[in-house]
Amino acid sequence: MAHADDDVDYVIVGSGSAGSVLANRLSADPSVRVLVLEAGGPDGGFWTRLPVGYFRTIYDTRYSRLFDTEPSEGTAGRNVVWPRGRIVGGSSSINGLIFIRGEPAGFDDWARQGARGWAYRDVLPSFRRIEHYEGGANEYRGDAGELNVSELRNDHPWCEAWVRAATEFGLPRNADFNGPTSYGVGAYQLSIRGGWRESASRAFLRPVRERGNLALRTRALVTRVTFEGTRAVGVEWVEDGQRRRVRARREVLLAAGAIQSPQLLQLSGVGPAALLRGLGIGVVADLPGVGRNLQDHYQARTIVRMRERRSLNDDVRNPLKCVSMGARWIFDRSGPLTVGAGQVGGAACTEHAAGGRPDIQFNVMPLSVDKPGTPLHRYSGFTASVWQCHPASRGSVEIRSADPAEAPRIAPRYLSEEIDRRTLVAGVRMLREIYAQPAFRDLVDAEVLPGDLARDDDGVLAFARENGGTVFHCVGTCRMGVDRDAVVDPALFVRGVEGLRVVDASVMPQVTSANSNAAALMIGEHGARLILGGGGRAAAAESRESAHA
C-alpha cells in the first residue's frame, strides 16, 4: 500500500461547502499542514460556472453522483434520485445558488435539542464572517467575507406579479430573507460574483491553493478512517487505482456530506454495531445514531400555463431572445443567464404552523420543466413550488456492504408523518389562492399541475406523492447533541472515539427552514473556529459528562 509523502496535521475528507471553508481557515497558519481529499474532479468548465448552468449540470454524472433512494409509500412507490456534487466544491458547484440561511429561530431549536453554542446568536457571527453581501454590512449581514452574495439580477414581470399577488393574499414583502426573519415574500439572493457562480471552492479554496502547507488531491475516494484503538490517526483512499494512506497528527475531519459522512463512519467501524458486524466490519464504536435522523425538504410543484408567450420556455426557443439574453449577461452580467433554482419566493404560515413561525417555503420561476436537465415545456409555463420547513419524518442511511464504492441504502421516509402530509397539502392550497389574486389571475390560462384531478385534499396529497421530489437539502445523519443517541457533540467530535470530527450538514439536528447551503458554509466556519480555538475540548468533555449523567 502506497503512503502519502508526509504526515499532515489535518485531513479533510470532502471539498464541498464546509470542507472548502475548513481548508481555508486551517491552512492560514503556515505551520499547519492540511490535506484535502476529493472524490470528484476539478471544478473547471463553462457550465459549472455559468449560474443557469445548474439546469445542465446537477444530474450530469461528470459533476454529480446520482444516489437512488428507496421506494416508499410517501412517494407512491417511486424512488427519488438525489444528485450530490462529485467535483471540487461539492454540491456548491452544482446547486441552485440560492443563498438563504433559514429562519433564525431554527438555530435556537438546535441549541434546545442539545447543540450548545449553536443558537442563532452564536452562529450569526460565523454567517457574517463568510459573506461579502453586496447590499453592505449591518447587524445581520457581513461584507468582508469571501463568498459574494448578490441581489437578484433578473427582473421578470410575472415574478413581480406573483409577489404582488402574495401580498394581496396577506403576506408581507421581505427585502432581505437573511435579516431578522425569513417570513414574507420577495426576491432571493444568490451566490454569484461578476455574473459567475460563486461556489465554496471558488470563494474559499481556490484563492489559497498556492499555500505551501495546503494540498488538494482530486479523484481520491476515501475508503475508511484508520484507528489505533479508538483514536483516529488517518485515512486510506484509492487514487489512480492505487491504495494510499496518510496519518493525521492532529485530527481527521469528515466533510463529505449527509450521505457519505455517515457511510464513511460505518465503513470505518463507527455506527450501529449489529449492522457493522453483519457486514463483517470490526466495531470501533457502537453509535446507533450514525445514519439516522435523515431529513430533506420534499416539494410539490404547481405549474400554470400563461396567456402571453413571455415564459423562459418561449424565450429559449426564440433566436433573437437568446441573443438578447447573452448580450445582457456579457455587457451587464444580468438577465436569465444569472438565475439559479428560484427567482422569488418566501415563507408563510399554514393553519398548522406553531408559534407564528413559518412552516412552508415557496420557490418561484417564470418557466416550467419536468426536472433540471430536461427540455423546458413547449407551452408558456410558470412554476411555484412549496415545501415544509421542518418535516417531522425521519429517514436513514445505511451501508449495504463493506465496499466503499457501493452506494448506501437511503430511506428518506418522506411524508411518513401526518403533520407533513397536512402541511404540504395546505401549502399547495395556499399557492392556488395566491394564483387567484387580482395581480396574477388574469395572466393564467390554465392550471397544469396539480390539475383538475386534485381538487380536494386527498387528491392534492395523491398528487404530491406521485409527483413530488427532493429539493436537494439532505441533512442530519450525524446529529449533533449531548444525548446518548447523538453522533457528534457540540464541538463536532464523534462520540466514543478521539481525533475525529464531522463538519458538514450531516451534523444538523434539524434541517434549516430554507435552502441548506448557507448553513453548511456556516458550519465550516463555526467548526473551524472550534478547532482553532482548542476545538472546544472543554465543551466536548462537558457533553460527554451530560451524556453519561
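This is a predicted model: local features need pLDDT of at least 70, side-chain atom pairs count only at pLDDT 80 or more; totals for chains, interfaces and linings use all residues.

Biologist: How much space lies in the largest cavity, and which residues lie nearest its centre?

Modeller: The largest cavity contains about 120 Å³ of space. Its lining is made up of 13 residues, and those nearest the centre are Asp296, Tyr298, Pro391, Tyr414 and Leu415.

Biologist: And how does that lining divide by residue type?

Modeller: For the largest cavity, the lining residues split into 7 nonpolar, 3 polar and 3 charged.

Biologist: What about the second largest cavity: what volume does it have, and what lines it?

Modeller: The second largest cavity has a volume of about 50 Å³, and the residues around it are Asp43, Thr48, Arg49, Ser93, Arg197, Ser199 and Arg202. That lining includes no nonpolar residues, with 3 counted as polar and 4 as charged.

Biologist: Now the open spaces. How much space is in the second largest pocket, and what is its lining like?

Modeller: The second largest pocket holds about 380 Å³ of space. It is lined by 18 residues, with Val52, Phe55, Arg56, Val316 and Leu376 lying nearest its centre, and the whole lining divides into 13 nonpolar, 3 polar and 2 charged residues.

Biologist: Changing topic to the helices: how are H4 and H5 placed relative to each other?

Modeller: Helix H4 covers residues 104-112 and helix H5 covers residues 120-130, and their axes come within 8 Å while crossing at roughly 120°. The two helices are therefore oblique to each other.

Biologist: Which residues meet there?

Modeller: On the H4 side they are Pro104, Phe107 and Asp108, which meet Tyr120, Val123 and Phe127 of H5. By type, the residues of that contact are 5 nonpolar, no polar and 1 charged.

Biologist: What about H5 and H15, at what angle do they cross?

Modeller: The axes of H5 and helix H15, which spans residues 517-532, cross at roughly 105° and come within 9 Å. That angle makes H5 roughly perpendicular to H15. From H5, the contact uses Asp122, Val123, Ser126, Phe127, Arg129 and Ile130, while H15 contributes Ala518, Ala519, Leu521, Met522, Glu525, His526 and Arg529. Taken by type, the residues of this contact are 7 nonpolar, 2 polar and 4 charged.

Biologist: Let's look at the backbone. Where is there a cis peptide bond?

Modeller: A cis peptide bond joins Leu449 and Pro450, with omega at about 5°. Pro450 sits in the loop that runs between strand S23 (444-449) and helix H14 (457-467).

Biologist: And what is there to say about phi of Asn293?

Modeller: Phi of Asn293 is near 65°, which is a positive value in a residue other than glycine. Asn293 belongs to the loop between strand S16 (285-286) and strand S17 (298-306). As background, most residues other than glycine have a negative phi, and most peptide bonds are trans.

How values were computed
Residues are numbered from 1 along each chain as its sequence is written. Side-chain values use heavy atoms; hydrogens and water are left out. Axes are lines fitted to C-alpha atoms, for helices over the stretch in contact, and angles run from 0 to 180 degrees between N-to-C directions. Helices (H or I, at least four residues) and strands (E, at least two) are DSSP runs, numbered from the N terminus. Angles under 35 degrees count as roughly parallel, over 145 as roughly antiparallel, 65 to 115 as roughly perpendicular and the rest as oblique. Contact means heavy atoms within 4.5 Å. Ala, Val, Leu, Ile, Met, Phe, Trp, Tyr, Cys and Pro count as nonpolar, Asp, Glu, Lys and Arg as charged, and the others, Gly among them, as polar. On a 1 Å grid over the protein atoms alone, a cavity is a set of points where a 1.4 Å probe fits but cannot get out, and a pocket is an open set with protein on both sides within 12 Å along at least five of seven lines; lining residues have an atom within 4 Å of a point. Grid points are joined across faces, edges and corners, and a volume is the space filled by probe spheres set on the points.
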